[in-house]
Amino acid sequence: MIRIEDIIEKVERNHPNADVEMIRRAYLFSALHHKGQTRASGEPYLVHPLEVADILADMRLDDVSVSTGLLHDVVEDTLVDLDTIREYFGDEITRLVDGLTKIAHISNLPKEKQQAENVRKMVLAMITDVRVVIIKLVDRLHNMRTMEFLKPEKRARISQETLDIYSPIAHRLGMGKLRGELEDLSFRYLYPEEYRSLSKEVESRRPELEKALEGITSTIREKLAENDVPVVEVQGRVKRLYSLWRKLKKRRLEIEEVYDLIAARIITTNEKRNCYLALSVVHDIWTPVPERFKDWIGSPRDNLYRSLHTSVIGKGGQAFEVQIRTEEMHYVAEEGVAAHWRYKDNKLGHIDDQSIDELRKTVEKLLLPLVETTEGNEDSEDFIESLKLDLYPKDVYTFTPMGKVIELPRGATPIDFAYSIHSEVGDTCTGAKINGRIVPLRTKLQNGNVVEILTTPNSTPSRDWLNFVTTSKARTRIRHWIAEQQRTESVEMGRRLFEKELRRFGMSPKKILSDEEEMRRVANEYGLGRPEDLLASIGYGKTLPRNVLAKYLGPEKFSERDPDKKEKTRLETGMKAVRRFIGLGDDAIVVKGVDNLLTTRARCCNPIRGEEIIGYISLGKGIVVHNKRCKNVKQLMVNKDRIVDVEWARSEKEEIQSVRLFVTTEDRTGMLAGITNAISEIRTNIRDARASVSPRDEGLIEVTVEVFDKKHLDKVVGSVKNVSGVIDVERVNNLKRK
């Protein structure tokens, strides 16, 4: 086990004025409260906070960060509360520990929602103090290093979360070294077969690759010395496994075709002109590959990364990459914002107040989009989806007509560009020019494009934009506008429906709607805050105006005034007749918690009993019910206020529904007879059957069958698939009901 004195020695070496007594107290406090706890490996739990603190000390972070590393799990995993931490260690450490502690009261939520809420909390905390996320990343790194003791399914879940969220955050903060290890560890546990195969191939080539690297680095040292270019170090490296695997898979390359399988890195003294001098020397030695040069010094990345990259052709035609940077640039490239705890006038130590302000501005620039994502997405699934989009690598560098660089993810369009400038520019966008030529708004932007956005003051976003935008800011703004527009329409429709109901009861709409106190009381009974929310609920179809009026008047007064009391039986009979007419049977589908709402099945997917279903409020048409797997559901989820929970009602009698199947077969005699016989043998009625031959000489058979539920349909499909000569069986939706 790591000794606390070794950690303190590292902290004192990097921060002579550090409060080492605070670190010792944090160690003793953690040891006391984690006593008796063990990890999945069986070792004492205290090993984990010690390892986290040691990594933070190696990164040369301050005494507060190291102390927090020792304490980061005590509130979450022991009986200690934040008030106790504050009493012993003060507000600063308490704030950091709080930002790292998972939310306790959400343990009853699904895993996905728990993950979303905890990540949301961390994102909000790290904008105030970036050390929250640095400690969290180190915590995740040590957990990833020791995951072999967990169950495979848990390893896979944690690894996927690491690839989706924590590794991209490390990249966003420029922490290249930590990001690389997180990715390789995730790759190992998520794709074990691919990891072993690629690792074996790289290891078999390693002697050859290291020999080539030795020749390259010695040549560079020699030539730089001849040209009086000051150099601190020349390194060689083989590409990391996850990065290599992703490139091979994405570009469908063979390993021999990867330009940066091996790379040399030149680290010069802290004058950037030395980087360009070194570049000229490298290009004198070897032939550069056209279009493979990147100057991240002249145009630094958002995550503080600065370096020159060039690919060259070496001896025997072997391509390799050379990276050139100063010593300070190298520290920042390896550890990103964490490196700023090191420098003060190129010396190790605490940074001054001005540097702290610059760092804070940089961190805000890096993390602000994540905070906007957090604030703009109340739904957990939307938040995680938007966060992943925001963390996606920004590999497309475009320009405004004034020369400002706009970084966007691959696949970004002029709409994404417009919203990245300002929300109002996006909302009023009507067209775009790329390099002076008008282009469609769904055009994908390329590196170096100069983009001009055309706007019209009264223009508004289009729902169709959601089909091609890639940034979360654009997607969130468009969804917000659509939701606001539909809410306005729903409030107005709800007002009209409620006024109509009031007139039927012989009451004054103006008088009732102006009685804000009573309307707010009724809204509160429905769990709503304002009368406008209640009207919107009526407009959406979630709440019946009749029921609202009943709550407003009270049972006795409502019964006295009810004009429909005498005709209640006739209305109920009529409702059942309508349900039978549209093929639902008596109360086949019900809306959870609401009575007497008309439901219809969507023609696009024609759900059958037993399938998972979801309801969508279609203004003026009642509840339209879709199969949850329907291709149109994703679009409907744009406005979740109009989504309602529906379920199949219990029914003693079986409901018959027609379903059409499309069967692809071999083109031979007797196929239609074989399929109809297979269906008849399981006592299933056939409504219609027809056959044809495709241009590819395959048999195409359409057969309409009557089924009771999903199990019955699965049985029919299985029976048809067992017929000799059947290639495929597919269910056809958008079936007209008969």
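## What buried means here

A residue counts as buried when its relative accessible area is under 20%, and as exposed when that area is over 50%. Trp-286, with a relative accessible area of 12%, is therefore buried. Please keep in mind that the structure you see is a predicted model.

## Aromatic pairs

Let's look at the rings. The model holds 11 aromatic pairs. One of them joins Phe-29 and Tyr-88 in a tilted arrangement, with 5.4 Å centre to centre and 55° between the planes. Because Phe-29 belongs to helix H2 (residues 20-33) and Tyr-88 to helix H6 (residues 82-100), this pair ties together parts that are 59 residues apart in sequence. Phe-29 is buried at 7% relative accessibility, whereas Tyr-88 is partly exposed, its relative accessible area being 47%.

Trp-286 and Phe-320 form an edge-to-face pair, with 5.1 Å centre to centre and 85° between the planes. Trp-286 sits in the loop between helix H13 (272-285) and strand S3 (287-288), and Phe-320 in strand S6 (residues 319-326), so parts that are 34 residues apart in sequence are tied together by the pair. Phe-320 is buried, with 1% relative accessibility, and Trp-286 is buried as well, at 12%.

## A cluster of rings and two lysines

Next, a group of rings to find in the structure: Phe-187, Tyr-191, Tyr-195, Tyr-242 and Trp-245 are linked into a cluster by ring pairs. Over the face of Tyr-191 lies Lys-249, at 5.9 Å from the ring centre.

Another lysine, Lys-551, lies over the face of Tyr-526, at 5.2 Å from the ring centre.

Note on methods. Residues are numbered from 1 along each chain as its sequence is written. This is a predicted model: local features need pLDDT of at least 70, side-chain atom pairs count only at pLDDT 80 or more; totals for chains, interfaces and linings use all residues. Side-chain values use heavy atoms; hydrogens and water are left out. Rings of Phe, Tyr and Trp (its six-membered ring) pair if their centres lie within 6.5 Å; planes under 30 degrees apart count as stacked, over 60 as edge-to-face and the rest as tilted. Helices (H or I, at least four residues) and strands (E, at least two) are DSSP runs, numbered from the N terminus. Buried means under 20% relative accessible area, exposed over 50%, partly exposed in between (1.4 Å probe, protein chains only). A charge sits over a ring if NZ of Lys or CZ of Arg is within 6 Å of the ring centre and within 35 degrees of the ring normal.
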